[in-house]
Structure formats: C-alpha cells, structure tokens
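Here is a structure to look at with a few questions in mind.

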Amino acid sequence: MKVVQDNLPLLLSGLGITAQLGALALLMALAAGTLVGVVRVLPVPGLPWLGAAYVEFFRNSPLLVQMFIWFFGLPTIGISLPPFWAAVTALGIYTSAFVAEVVRAGIQAVSRGHIEAARSMGLSYLQTLRHVVLPQAFSITIPPLGNLSIALAKNTSIASAIAVGDLLYQGELINARTFATYPVFLTVMALYLVVTVPMSWGVNLLEGRLVAYRR
Amino acid sequence: MNFDHLIDPKLWAPLFDLTDPTHAQASWRFLGRGLLLTLQITVIAATASLAFGTVLALLRLTRNPVIHYPALVLIEGVRALPVLFIIFFTWAAMLSFRDLALWVPATIGLTIYTSAVTAEIIRAGISSIDRGQLEASRALGLSYPVAMRNVILPQALRRMVPPLISQLITLLKDTSLASIIGLAEFFQQGRTLYNFWGNPLQTLLTVALVYMLINTALSRVSARLEEGRQRREKTRVQTRETVAPA
C-alpha cells in the first residue's frame with residue numbers, strides 16, 4: 001500500500017495525459033468523422049465510395065497497427081510526429097471512421113418527407129442539409145457518439161505501446177520498478193473505472209432524456 | 001514530405017517481388033505463422049466468450065438479487081476497462097508460473113473482456129424477445145430452463161448475429177494487443193519483419209490491409225446473414241447500429 005501512496009502522483013499524471021490525449025483525439029474524431037459522414041451521403045459521384053473506403057480501412061484495421069504507422073511509418077516519408085501527437089492522430093482518425101458511420105446513419109434516418117418538403121420550398125441541397133437534416137440527425141447520433149467516447153477513453157491505453165506516458169504506461173513502469181503488481185494494477189483499474197463508469201451512466205441518462213424528447 | 005521511401009521498389013520487394021520471389025516467400029511464410037496464431041487465439045477466445053457470455057447474461061437476468069447484482073457489477077466493471085489493461089494485468093499476475101506460454105494470458109485476458117461484452121449483447125437479445133413467448137411457454141407447462149433453452153435462446157441468438165460478428169471483428173483486432181506482452185502473433189511478426197528489412201511503412205500498410213480484408217469479409221458475411229434472416233422471418237428488428245468500437 002505504501003508503494004501506491006508513494007507513486008500516486010505518477011499515476012495521476014498518467015491519468016492527466018490520458019485525459020488530454022482523449023479530449024484532443026475526440027475533437028479530431030468528431031470533426032473528421034462528421035465530414036466523412038456527410039461526404040458519404042452527398043450525391044456527388046465517387047465521393048461516397050471514397051468515404052466508404054476510408055471507413056472500411058480505418059475501422060477494420062487494429063488501432064495498434066495504425067499508431068505504429070503514424071509513429072514509425074511516417075518518418076520514412078519525412079513526417080516525424082512526437083509520440084503524443086502520433087497517438088492523438090491515430091486515435092482521432094481511427095475513431096473518426098466510427099463517427100462517420102454514426103453520422104451517416106443519423107442523416108439517413110431523417111425522413112424523406114422533410115427533405116422533399118424543404119427542397120420543394122426552394123432550399124438548395126446544402127441549405128436543406130444545414131437547416132433541416134442535420135439538426136434532426138443530431139439527437140439521433142448523440143447516444144452512439146457517447147458510447148464511442150467511452151470506447152475512445154479506453155483506447156487511449158494503447159498509446160502506452162508507443163511510450164506515451166498515459167495511465168497504463170505509468171502503471172507498467174511502476175510495476176517493473178517495484179514488482180508490487182496487485183496494488184499498482186488494482187489502483188490503475190480503479191482509476192479507469194472512475195473515468196469510464198460515470199461516462200456510461202451519463203450516456204444512459206442522456207439516452208433516456210433524448211428518447212422522451214423525440215416522442 | 002519526401003515520398004522516395006514510399007515508392008522505392010527495393011523496399012516493397014521483400015513482400016511483393018514477383019520476379020525473384022525467394023525473399024517474398026520467406027516473408028509471407030513468416031507472417032503466415034503469426035496469422036495462424038492470431039486466428040487460433042481468435043477462435044478459442046470467441047468460443048469461450050460465447051459460452052461464458054451466455055452464462056453471465058442468464059445470471060444477470062435472474063430476479064434473485066444475490067446473483068443478479070454481483071453479475072451486473074462484474075459485467076459492467078469488466079466492460080468499463082481497456083482490453084490492453086486486462087491482458088497486461090492477466091500476464092503480470094501469471095508471471096510467477098514457470099514456462100508460461102504467452103498465448104495463455106493473452107487468450108485468457110481477451111476471453112475475460114469479450115465475455116463481458118458478449119454477455120451484454122446476449123442479454124439485450126434475450127430481452128428483445130417478446131414476453132409473450134416466455135409466458136406462452138410457461139403456460140404450456142415448460143419450466144424456465146427448458147423454455148429458455150428451447151424457445152427463447154434460439155430466437156435471441158439468431159437476432160444477435162450481427163452484433164456478435166461485430167464483436168468478433170473487434171476481437172480479431174484486439175489480438176494485435178497481445179504483441180505488447182511479446183506474443184508472436186501476426187502484428188508482432190510484421191514488426192520483426194520490418195525491423196529486419198527496414199521497410200516499416202510498406203510492411204505496416206500490408207499488415208493493416210490483411211486485417212482489413214479479413215474483417216471486411218466478416219462484415220459482408222454478417223450483412224448477408226442478416227438479410228437472409230430478415231427475409232425468412234419477414235421482420236425488421238429495430239436494433240441500433242451496434243458497432244463495437246473497441
């Protein structure tokens with residue numbers, strides 16, 4: 001137990017890195033994912049297919065492989081990212097593929113009648129998207145996006161593989177130094193639970209509120 | 001940005017040189033050993049998770065609070081943890097065993113996590129079956145276990161095929177995490193290979209592509225099965241797009 005007390009600041013700093021990594025990656029994922037999701041429903045020939053290829057590649061290949069590509073592969077073509085930013089980018093792009101699918105499903109769930117009414121009132125396709133489709137799609141996409149955020153928070157642990165000082169990495173280091181496996185890892189486990197369990201309660205609450213609203 | 005390294009044919013040769021395939025054959029045989037291990041682990045973990053997951057789901061569904069609440073806490077607790085953490089913890093806890101084969105903690109860790117997620121999928125599936133089915137079975141004199149096994153579970157499992165296959169895809173991707181404890185699965189073999197040949201970008205892209213091809217095939221199978229099921233049962237169950245994002 002003393003081991004945990006002495007090393008708690010290290011673990012908490014790891015948690016801080018995890019939080020920063022997660023927040024930045026989430027922003028990137030939401031931005032890139034919404035873009036790709038919208039691209040997949042545009043009537044421009046060829047674009048939806050490109051979007052589909054993007055989603056299939058980044059969704060179906062492991063995050064660890066993607067992190068290695070961004071951190072070890074890119075320097076060979078001249079782009080050298082520090083580990084933290086390689087991790088943010090990899091996590092962001094990986095999650096954006098899932099966000100894109102959620103956004104696409106949300107847009108396609110808006111009933112055709114609304115779109116047809118807006119178009120027949122003279123709104124352009126982009127205006128319809130902006131004023132009619134996206135606001136409605138928004139409430140449909142929130143619960144799945146909440147679940148993706150929780151998954152993202154957990155996936156930050158993979159950054160430890162490219163030596164980013166996140167919570168799991170600090171735990172591994174302390175374990176290697178002190179061999180107090182159970183106290184250290186049980187503390188790490190408690191810290192992860194403190195982050196993800198309230199997040200999932202929040203998503204459940206949100207889901208409940210939104211369903212009532214949409215009725 | 002300097003793309004010379006990316007298009008240099010000498011760096012693609014160890015994997016794809018068709019004119020002198022000796023190196024390529026050796027490379028792919030090396031990768032193939034890793035891929036075999038990856039697939040073996042996936043199959044074992046998937047089967048075990050399906051079994052444990054069903055048991056956990058049924059435990060969570062009982063009304064007996066002594067069983068229900070511990071099961072709930074176990075499932076939600078394990079689901080809330082990162083897979084990598086679970087694999088690492090399992091490995092660190094098993095280090096005291098001599099002659100520890102690395103695939104054992106890897107497979108156990110993956111099974112623990114996937115069982116919890118599978119339990120949730122199966123529970124949702126069972127809950128989505130109309131109460132009327134259970135009531136009718138009981139009214140016909142079937143006991144709860146018999147009704148579960150012969151009436152409810154068959155229907156529930158058929159509905160849960162897409163999310164289960166989605167979780168299988170996630171499981172396949174998660175096997176790559178075992179490389180962090182040193183297991184020589186597909187991704188780890190790729191790392192060893194590119195450290196030998198000096199072509200990280202080419203090898204990593206190829207490895208990613210192979211994972212992608214397998215998983216895309218699995219999701220096509222899932223879509224085909226779901227199409228067939230909906231046509232046969234003439235129903236469209238409103239399941240939320242359960243994409244397993246881990």
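The questions below concern salt bridges in this predicted model.

Q: How many salt bridges are there over all chains?
A: Side chains of opposite charge can pair when their charged atoms come close. A pair counts here when a side-chain nitrogen of Lys or Arg lies within 4 Å of a carboxyl oxygen of Asp or Glu. By this rule, the count over all chains comes to 10.

Q: Is A:Arg59 buried or exposed?
A: A:Arg59 forms a salt bridge with A:Glu56, with their closest N and O atoms 3.9 Å apart, and the two residues are 3 residues apart in helix H2 of chain A, separated by about one helical turn. A:Glu56 is partly exposed, at a relative accessible area of 22%. Because the cut-off for buried is under 20% relative accessible area, A:Arg59, with its value of 14%, counts as buried.

Q: Which residue in helix H3 of chain B is linked with B:Glu120?
A: The side chain of B:Glu120 takes part in a salt bridge with an N to O distance of 3.8 Å, and its partner is B:Arg60. This pair links distant parts of the chain, 60 residues apart, with B:Glu120 in helix H6 and its partner in helix H3 of chain B, namely B:Arg60.

Q: With which residue does B:Glu120 form a salt bridge whose closest N and O atoms are 2.8 Å apart?
A: B:Glu120 has a relative accessibility of 15% and counts as buried, and B:Arg123 is buried as well. Both lie in helix H6 of chain B, 3 residues apart, about one turn of the helix. The residue at 2.8 Å from B:Glu120 is therefore B:Arg123.

Definitions and conventions:
Residues numbered from 1 in each chain as written. Chains lettered and ligands numbered in written order. Predicted model: local features only at pLDDT ≥ 70, side-chain atom pairs only at ≥ 80, totals over all residues. Heavy atoms only, no water. Helix = DSSP H or I, 4+ residues; strand = E, 2+ residues; numbered from the N terminus. Buried < 20%, exposed > 50% of the residue type's maximum accessible area, 1.4 Å probe, protein only.
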